[in-house]
Amino acid sequence: MPGRYYNGTVMEHRPRHQCLIYSGAPSRQLPALAATLREKLRHNYRCLYLNSPPMVAGMRSALWAIGVDLDVETARGSLILTSDRPHLIDGRFDVEHMMQLLTLAVEEAKRAGYVGLWATGDMTWELGSDAHFMKLVEYEWRLEKLFQQHPELGGICQYHKDTLPRGMLRQGLVVHPGLFISETLQLVNPEYVRPEHFSAASLRSAALDSAIDHLCGPGD
């Protein structure tokens, strides 16, 4: 990948708030995400995977294929694979309720003896039918603040190019300090804009579209 978009260096201390921007079949992302979940389980994190029912079923298969004992991990409460969306109120995305649920989940994981909480979810599924741009803006900035307040929290926000508007992809790119490329490669995000420096102009750079296209790969 061109150096303009990635510095080519894997961080010793990888950003905990990462984004995965991709195109094509979501099932293609399962092996890398499953391997990452397995790693976090081995490091005593409680892991949460939130996606549609077909994707949850696919994740179960991917984890089983790499040797994760699903019965043991789910019975212990270490692994939560779910399509439930309690943060939707009357089918609409509620930022405040989502933040309360995540904060509670981090605290509960720590009380249960885990290092922390590691979570990944598909933004299309999380937002439901109420996929408004400004709600995503508010959610991601508040989520980044939550990451800063809780060093025991880590995760990946998944952005599917084929199901989200380009504006949401741009927003997703600028608000995440890290980029998830694969289970072995996570990079500093050179397009990240700190909250205090963010403005509407931050989303107008043509470099964002080029970065998104390179993340998604040739031909997508």
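Predicted model: local features only at pLDDT ≥ 70, side-chain atom pairs only at ≥ 80, totals over all residues.

Colleague: Which residue in S7 does Trp118 stand opposite?

Modeller: Residues are numbered from 1 along each chain as its sequence is written, and side-chain values use heavy atoms, with hydrogens and water left out. Strands of a sheet pair through backbone hydrogen bonds, either parallel or antiparallel. Here Trp118 stands opposite Gly154. Strands S6 (residues 116–122) and S7 (residues 153–160) pair in the parallel sense over 6 bridges. Pairing requires at least two DSSP bridges between two strands; strands are DSSP runs of E with at least two residues, and helices runs of H or I with at least four, numbered from the N terminus.

Colleague: In what order do the 7 strands of the open sheet lie?

Modeller: The order is S3-S2-S6-S7-S1-S8-S9, with mixed pairing. Strand S3 (79–82) and strand S9 (185–188) are the edges, each pairing on one side only. From one strand to the next, the twist averages 20°.

Colleague: Which strands does helix H4 lie across?

Modeller: Helix H4 (residues 95–111) lies across S2 (45–50), S6 and S7, at about 140° to S6. Angles run from 0 to 180 degrees between N-to-C directions, with axes fitted to C-alpha atoms, for helices over the stretch in contact; contact means heavy atoms within 4.5 Å. Helix H8 (residues 206–216) also packs on the sheet, touching S1 (17–22) and S8 (178–182).
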